[in-house]
Amino acid sequence: MLLSRRGLLTAAAATAAVTPTATPTASERRSQVHTGFDRLAQDGYAQLSGRRIGIVTNPTGITRDVRHIVDVMHADSRVNLTAVFGPEHGFRGTAQAGGSEGRYDDPATGLPVYDTYQKSGQPLADVFTTSGVDTIVFDIQDAGARFYTYIWTLYDCMEAAALAGKRFVVLDRPNPVTGREATGPVLHKEFATFVGRQPIAQAHGMTVAELARLFNGEFLSTPVPLETVLTTGWKRSDFFDATALPWVPPSPNMPTPDTALVYSGTCLFEGTNLSEGRGTTRPFELLGALGIDGRWAAAANKLGLPGVRFREAYFAPTFSKFQGQTVGGLQLHVHDRAAYDPVRTGIALLVTAKRVWSGFAWRSDNWIDKLTGSTSVRTMIDAGAGTDEVVAAWQDELAAFRRIRKEYLLYK
């Protein structure tokens, strides 16, 4: 292997001598992507020197060679890592949606693991105080959607760190579905929950470091002392596979970057009586319910939505809605990621599902309003509005968010 690498380097040098301005290949560019943790470690953890460190992370906090950063930092004498804070699903990722791992000592490192799930404000600040740390580090892979709870764990931890007088460091990772633009409705504050604390777009198009800066600058009444360690080599137009970084499911129902690509639109089906594909191998790509047939996929295909096609599909979820029952519906097949608009597609699928299936219903608790951030989507669809009308209704608030968002972007 060493000899072949030397041979490649020799060949590259010879080529460079002839063509000194040669453009790097795609694989060469991907190898230059370094996460915030990569850069922190390369700098010998100087940013954490002399500090008692607690880290908020989960199974996605890994190095390029798939070692967990907690294990790496714990083994390094240059870092005084004294506590771990687990979000929804837990630090080691053993819990399903809506669950966590509780308080325990990590068997691999002996470090105390504290539970942050469903804690915020002073109660979470008290957890940070009890842990004895003076610096909170955050490193979790996001999925790019407002209702993916890790960004609100970030928000809650920043707020609590400010209350507890702690320093806060965010180690950045790429947005897996690009950072090109924000799309979708913006949350109205009266609908704030753990799937949306503050008024940002449904597909925010930001990294966690950018969001941290936005939260600190726009939403936190007391800003936290914030530092960010950026990813290098990532461009806003890059999807996750352009990074050559290993993908670890951030949660049990986010198995692949393909899932993240559709999630900001099809997660809206959590607010209906249809299955959003939980309990299958393709969650959020498979959608369906008892009594649905091929008419739904046919109606969706007639819309000519950019970048996506729909296949009539039948599946039997192993858990969640319709557990053990065979349901009918469709599967999304994205064939042009650059053209695909996940939020518009999600709205179109809601509209067509209601029109072709008489059994369509919203969840009785109107969860759809929490996911979309207002009553607008639900009430407009119930009134017979089409996709274009529903999407048009949020354009002014989206434009306002985009103007604010622009001030906090860190990448080109």
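Okay, let's start at one spot: serine 376 sits in helix H12, residues 376–382. Helices here are DSSP runs of H or I with at least four residues, strands are DSSP runs of E with at least two, and both are numbered from the N terminus. Serine 376 is partly exposed, at a relative accessible area of 27%. On that scale, buried means under 20% relative accessible area, exposed means over 50%, and partly exposed is in between, using a 1.4 Å probe and protein chains only. From the C-alpha of serine 376 to that of alanine 299, 77 residues away along the chain, the separation is 23 Å.

A quick word on what you're looking at. This is a predicted model, where local features need pLDDT of at least 70 and side-chain atom pairs count only at pLDDT 80 or more, while totals for chains, interfaces and linings use all residues. Residues are numbered from 1 along each chain as its sequence is written, and side-chain values use heavy atoms, with hydrogens and water left out.

Now the whole thing. There are 14 helices and 12 strands in the protein. Its radius of gyration is 22 Å, close to the 22 Å from the globule rule for 412 residues, so the protein is as compact as a globular protein of that length. That radius is taken over C-alpha atoms, and the rule is 2.2 Å times the number of residues to the power 0.38. Of the 412 residues, 55% are buried.

How about contacts, meaning heavy atoms within 4.5 Å? Take those between residues at least 6 apart in sequence: 73% of them join residues at least 24 apart. As for charge, we have 42 positive and 41 negative side chains, and the centres of the two sets lie 3 Å apart. Lys and Arg count as positive, Asp and Glu as negative, and His and the chain ends are not counted. Each charge is placed at NZ of Lys, CZ of Arg, CG of Asp or CD of Glu.

Let's zoom in on helix H8. Is it enclosed or open? Eight of the 10 residues of H8, residues 257–266, are buried, so the helix is largely enclosed by the rest of the structure. The buried ones include Leu261, Val262 and Tyr263. What do they pack against? Strands E8 (201–203), E10 (286–289) and E12 (327–334), plus helix H10 (342–356). At the N-terminal end, threonine 256 caps H8, with a side-chain oxygen 3.2 Å from the backbone nitrogen of aspartate 258.

Stay in that area for a second. Asparagine 253 is in the loop between strand E9 (226–229) and H8. Is asparagine 253 buried or exposed? Buried, with 4% relative accessibility. Setting aside neighbours within four places in sequence, asparagine 253 has contacts that include Thr259, Arg278 and Phe319.

Two arginines next. Arginine 167 belongs to strand E6, residues 167–171, and is buried at 13% relative accessible area. Its side chain reaches the backbone oxygen of glutamine 47 at 2.6 Å. Not counting residues up to four places away in sequence, arginine 167 also touches Asp134 and Glu227, among others.

Arginine 363, by contrast, is partly exposed at 31%, and you'll find it in the loop between H10 and helix H11 (367–372). Which residues does arginine 363 touch, leaving out those up to four places away in sequence? Glu270, Gly271 and Thr272. For threonine 272, the C-alpha lies 4.9 Å from that of arginine 363, although the two are 91 residues apart along the chain. The side chain of arginine 363 also makes a polar contact with the side chain of aspartate 365, at 2.7 Å. A polar contact is a pair of N or O atoms within 3.5 Å; within protein, one must be able to donate a hydrogen and the other to accept it, and residues adjacent in sequence count only if both atoms are side-chain atoms.

Last bit: backbone angles. Most residues other than glycine have a negative phi. Valine 66 isn't a glycine, yet its phi is positive, about 60°. Valine 66 is in the loop between strand E1 (53–57) and helix H4 (69–74), and counts as exposed at 55% relative accessibility. Alanine 244 also has a positive phi of about 60°. Alanine 244 lies in the loop between E9 and H8, and is partly exposed at 41%.

Notes:
Contact means heavy atoms within 4.5 Å.
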